Amino acid sequence: MRGGMVRAALVRGVVVATIAFTVAGCGPVPGGGVDDGAQSSGGGKSASEALKDLKKLQVKGRASMTGFDRDEFGSAWSDVDGNGCDTRNDILIRDLKEEVFKKGEDGCVVQSGILEDPYSGKTIKFERGTRTSMAVQIDHVVALADAWQKGAQQWSASKRKELANDPLNLLAVDGPLNGQKGAGDAATWLPPRRAYRCPYVERQIRVKVKYDLWVTSGEKDAMEGVLKSC
């Protein structure tokens, strides 16, 4: 148990340090981390900055889904940062509390924990298992299918893999809500918990600016509507 706690602390330290580097404008770091404010309420200065960033994004229609496949973004949950833990477990370690780790896995495999779900506000008990693991899923804040239709199909395989594993674009969330969202953008799906809509849209914009993805006119209007209410 102690080894797992030490590994968890190291993983958290790496993800927080890396996102700080990225947000500071020093450029993307493959397999980097996510800020401590991943589930904060947002608003204020961050909303105004997000509105400015939104204006930087191209507005275009959706490209075809032709050729889309999850494998175009690399194998799911690779250990892209080389810390010994796959990306899914990195995110569980970051977003859950009271984690218990699977024995013999060097503190990398989360067996159980508690999620304060940002999308619903519910407290969800995570328990690894064939019938229980899906209660908590890792959401791509900018869905991979959405990214495919808004620029990613023109990218290199390595850039698509980076997006799929970038913790800036990943959140542990309520499984059924993640399924409900599917490949939706801000025009078609927003978290039911209204208090999280501002940070959710702000995060989508940060991802789209970082990877130079475009938005549709309807998506831009929806994002503006949310941010102006923050």
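Among contacts between residues at least 6 apart in sequence, 70% join residues at least 24 apart; contact means heavy atoms within 4.5 Å. This is a predicted model: local features need pLDDT of at least 70, side-chain atom pairs count only at pLDDT 80 or more, and totals for chains, interfaces and linings use all residues. Residues are numbered from 1 along each chain as its sequence is written, and side-chain values use heavy atoms, with hydrogens and water left out.

**Overall make-up**

- The chain holds 8 helices and 5 strands. Both are DSSP runs numbered from the N terminus: helices are H or I with at least four residues, strands are E with at least two.
- Read from the N terminus, the order is α-α-α-β-β-β-β-α-α-β-α-α-α.
- Of the 230 residues, 48% count as buried. Buried means under 20% relative accessible area, exposed over 50%, and partly exposed in between (1.4 Å probe, protein chains only).
- The chain has an accessible surface of about 10600 Å², and 52% of that belongs to carbon and sulfur atoms. Areas come from the Shrake-Rupley method with a 1.4 Å probe; for residues, only the protein chains shown count as cover.

- R62 sits in the loop between α2 (45-54) and α3 (87-95).
- R62 is partly exposed, because its relative accessibility is 38%.
- Leaving aside residues up to four places away in sequence, R62 touches D146, Q149, K150, D185 and T216.
- K150 is 88 residues from R62 in sequence, yet their C-alpha atoms are 6.0 Å apart.
- The R62 side chain makes polar contacts with two aspartate side chains: D146 at 3.3 Å and D185 at 2.9 Å.
- A polar contact is a pair of N or O atoms within 3.5 Å; within protein, one must be able to donate a hydrogen and the other to accept it, and residues adjacent in sequence count only if both atoms are side-chain atoms.

**Helix α3**

- In α3, 9 of the 9 residues are buried, so the helix is largely enclosed by the rest of the structure.
- The buried residues include R88, D90, R94 and D95.
- At the start of α3, a side-chain oxygen of D86 comes within 3.1 Å of the backbone nitrogen of R88.

**Q137 in β4**

- Q137 belongs to strand β4 (residues 136-140).
- Q137 counts as buried because its relative accessible area is 16%.
- The Q137 side chain reaches the backbone oxygen of G175 at 3.5 Å.
- Beyond residues up to four places away in sequence, Q137 touches R88, L171, A172, V173, G175, N178 and G179.

**Packing of α5 and α7**

- Helix α5 (residues 157-165) packs against helix α7 (residues 197-211) at an angle of about 165 degrees, with axes 12 Å apart.
- The two helices are therefore roughly antiparallel. The classes are under 35 degrees for roughly parallel, over 145 for roughly antiparallel, 65 to 115 for roughly perpendicular, and oblique for the rest.
- K159, E162 and L163 of α5 meet V207, K210 and Y211 of α7.

**Positive phi values**

- Most residues other than glycine have a negative phi.
- E98, in strand β1 (residues 97-101), has a positive phi near 55 degrees. E98 is exposed, at 61% relative accessibility.
- D212 lies in the loop between α7 and α8 (217-227). Its phi is positive, about 60 degrees, and D212 is exposed at 57% relative accessibility.

Note on methods
Axes fitted to C-alpha atoms, helices over the stretch in contact; angles between N-to-C directions.
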